[in-house]
Amino acid sequence: MALNSQQISLNNMKKKIIIPLVISLLIALPLIYYWPAMVILTEGSSRYTEQDSRRYEMLTDEIIKNCPRISSIYDFGYATVDGPALEVSNITFQNTNDATNIRSYLASLGFTLSYTDTTGEYWKSTDSDKTIHIGIINDPKTVIVDAIRK
């Protein structure tokens, strides 16, 4: 009889240890797995290259991913913005100021030139909630393509 009560007491102790341990693991494992993604998404802004595959896949808009590479020197950016735009994904090309291929690409996606101002061209499509901005800087030669999602 004393042996049975010791076994019951031992079983109760095991349950008291195992249950919190399992609960802790169920909480900790997803946090550990998703921690890098949470850090990236809460940064607010980021500059990266295509070789930074995690940032590239998570932060780069599909329109920007498929944008023609008009220069061999380029990088990507991402920012969440307060105000009218929720997020901006961009690609910056250096050593060029010719955006002809980008304009053709946008037209093939159904975008049309909506308006221009001192910062560049704004392209819109009735099929998309995004506005595409093409900014051209002459010195140094740079083309910046922004996908702005509202």
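**Overall fold and local contacts of the predicted chain**

Of the 150 residues of the chain, 32% count as buried, a term that stands for under 20% relative accessible area, with exposed meaning over 50% and partly exposed in between (1.4 Å probe, protein chains only). This is a predicted model, in which local features need pLDDT of at least 70 and side-chain atom pairs count only at pLDDT 80 or more, while totals for chains, interfaces and linings use all residues. Residues are numbered from 1 along each chain as its sequence is written, and side-chain values use heavy atoms, with hydrogens and water left out.

The chain holds 4 helices and 7 strands, taken as DSSP runs numbered from the N terminus (helices: H or I, at least four residues; strands: E, at least two). Their order from the N terminus is α-β-α-α-β-β-α-β-β-β-β. Among contacts with a separation of 6 or more, 47% join residues 24 or more positions apart; contact here means heavy atoms within 4.5 Å. The accessible surface is about 9800 Å², and 58% of this belongs to carbon and sulfur atoms (Shrake-Rupley method, 1.4 Å probe; for residues, only the protein chains shown count as cover).

After H4 comes Gly 110, with a positive phi near 95°.

Helix H3 contains Ile 64, which counts as buried because its relative accessibility is 0%. Beyond its neighbours within four places in sequence, Ile 64 is in contact with Arg 69, Phe 76, Ser 89, Asn 90, Ile 91, Val 145, Asp 146 and Ala 147. Of these, Asp 146 is 82 residues away along the chain, yet the two C-alpha atoms are separated by 7.7 Å. The side chain of Thr 92 makes a polar contact with that of Arg 47 at 3.2 Å. Such a contact is a pair of N or O atoms within 3.5 Å; within protein, one must be able to donate a hydrogen and the other to accept it, and residues adjacent in sequence count only if both atoms are side-chain atoms.

Salt bridges come next, and the whole structure has 8 of them, each defined by a side-chain nitrogen of Lys or Arg within 4 Å of a carboxyl oxygen of Asp or Glu. Glu 87 pairs with Arg 149, their closest N and O atoms being 3.2 Å apart. Because Glu 87 lies in strand S3 and Arg 149 in strand S7, this pair ties together parts that are 62 residues apart in sequence. Arg 103 and Glu 121 form another salt bridge, at 2.8 Å between the closest N and O atoms. That pair links helix H4 to strand S5, and so ties together parts 18 residues apart in sequence. Arg 103 is partly exposed at 25% relative accessibility, whereas Glu 121 is buried at 14%. Finally, Glu 57, Glu 62 and Lys 65 are linked in a network of salt bridges.
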